[in-house]
Amino acid sequence: MADFNPIPDKTTNAALKPTAEALGSAAGTIFTAGFNLILTPLRKYNIRKEQELTDYANRIKNHITNIPVEDRDNSKVDLVLKAVDDSKFRLDDPTMREAFARLIANALNAKHNQNFYPAYSNILSNMSPEEALILKKIYKNTGSRVPTITPVSKDMNNLTSHKLSSRAYLFDSEFEISDQVNIKIDLLIHSGLIQVKEDAWLSGAPYAKEYKKFKDVAKLSSLVELIKPKEKLDFVQGYVSFTSFGSSFTKFIV
């Protein structure tokens, strides 16, 4: 490490310069120095490609320079550098670079950063790009909630039932049914970001429409062939929603 020089090349310097100017001289210098100190070793040993770091710096620059001057707040620059450090091994994917860039910018925005916690960058660092994308998809869905429905075969007396397929997630744009989606959802539940309810459902008109749409499709599908004699097709309705913690966290990265 004797020849380590924490000064990036001109490309990254050019990307960081507007960020430093946006934050002001002292905080900008601290941010730039910290960014370089944390990430340059990754460049040096080819753990991170130059274009990844430059793209990351540009994304941060774009989000910070879009904050109105009167709302820029550098009081949490130390936590921002922790976020940069937490991001260092996750920058190979553009989804993660964008999520971290938004997290950093929102931590420097006085309108948002009162609800910023150091754990947020750690949670993001342990998240896959696929988890981040589905979290964003839930957030963008109507009311930031997603109806769920599970087809079941139920006996005529409504005493017993068994699943005919995995739980379906009724996003505004499409149905999603797969074990891979369930794994992502389970991981987000484990992180404390979302919750899945199957003993209650959403009653608003947009949600009722999605439940009905799925039921109509299911009744004409091959699922009916799986129903046992003396049983009937039924559905368990539920929904996905954010926890309070998950709602706060997600607002920082979308």
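Start by selecting Asp55 and Arg59, which both sit in helix α3 (residues 50-65), 4 residues apart, or about one turn of the helix. Keep in mind that this is a predicted model.

**Stop 1: the pair within α3**

Show the side chains of Asp55 and Arg59. They form a salt bridge, with the closest N and O atoms 2.6 Å apart. Side chains of opposite charge can pair when their charged atoms come close. Asp55 is partly exposed, at a relative accessible area of 24%. Arg59 is also partly exposed, with a relative accessible area of 21%.

**Stop 2**

Is Arg97 buried or exposed? Its relative accessibility is 9%, and Arg97 therefore counts as buried, the limit for that class being under 20%.

Salt bridges that share partners join Asp55, Arg59, Arg97, Glu98 and Arg102 into one network. In total, the structure holds 14 salt bridges.

**Stop 3: α4 against α5**

Stay with α5 and select helix α4 (residues 77-87) next to it. Two packed helices are described by the angle between their axes and the distance between the axes. Here the axes of α4 and α5 come within 9 Å and cross at roughly 170°. Because of that angle, α4 is roughly antiparallel to α5, as angles over 145 degrees are classed that way.

Which residues make the contact? On the α4 side, select Val80, Ala83, Val84, Asp86 and Ser87; on the α5 side, select Phe100, Leu103, Ile104 and Ala107. Colour them by type: the residues of this contact divide into 7 nonpolar, 1 polar and 1 charged.

**Stop 4: Asp85 and Lys88**

Next, select Asp85 and Lys88. They form a salt bridge whose closest N and O atoms are 3.0 Å apart. Asp85 is partly exposed, with a relative accessible area of 31%.

**Stop 5: Ser248**

Finish by moving to helix α10 (residues 244-251) and selecting Ser248 there. What does Ser248 touch, not counting residues up to four places away in sequence? Display Asn115 and Tyr120, the residues that Ser248 touches on that count. Ser248 counts as buried, at 18% relative accessibility.

Definitions and conventions. Residues numbered from 1 in each chain as written. Predicted model: local features only at pLDDT ≥ 70, side-chain atom pairs only at ≥ 80, totals over all residues. Heavy atoms only, no water. Helix = DSSP H or I, 4+ residues; strand = E, 2+ residues; numbered from the N terminus. Buried < 20%, exposed > 50% of the residue type's maximum accessible area, 1.4 Å probe, protein only. Contact = heavy atoms within 4.5 Å. Salt bridge = Lys/Arg side-chain N within 4 Å of Asp/Glu carboxyl O. Axes fitted to C-alpha atoms, helices over the stretch in contact; angles between N-to-C directions. Parallel < 35°, antiparallel > 145°, perpendicular 65-115°, else oblique. Nonpolar A, V, L, I, M, F, W, Y, C, P; charged D, E, K, R; others polar.
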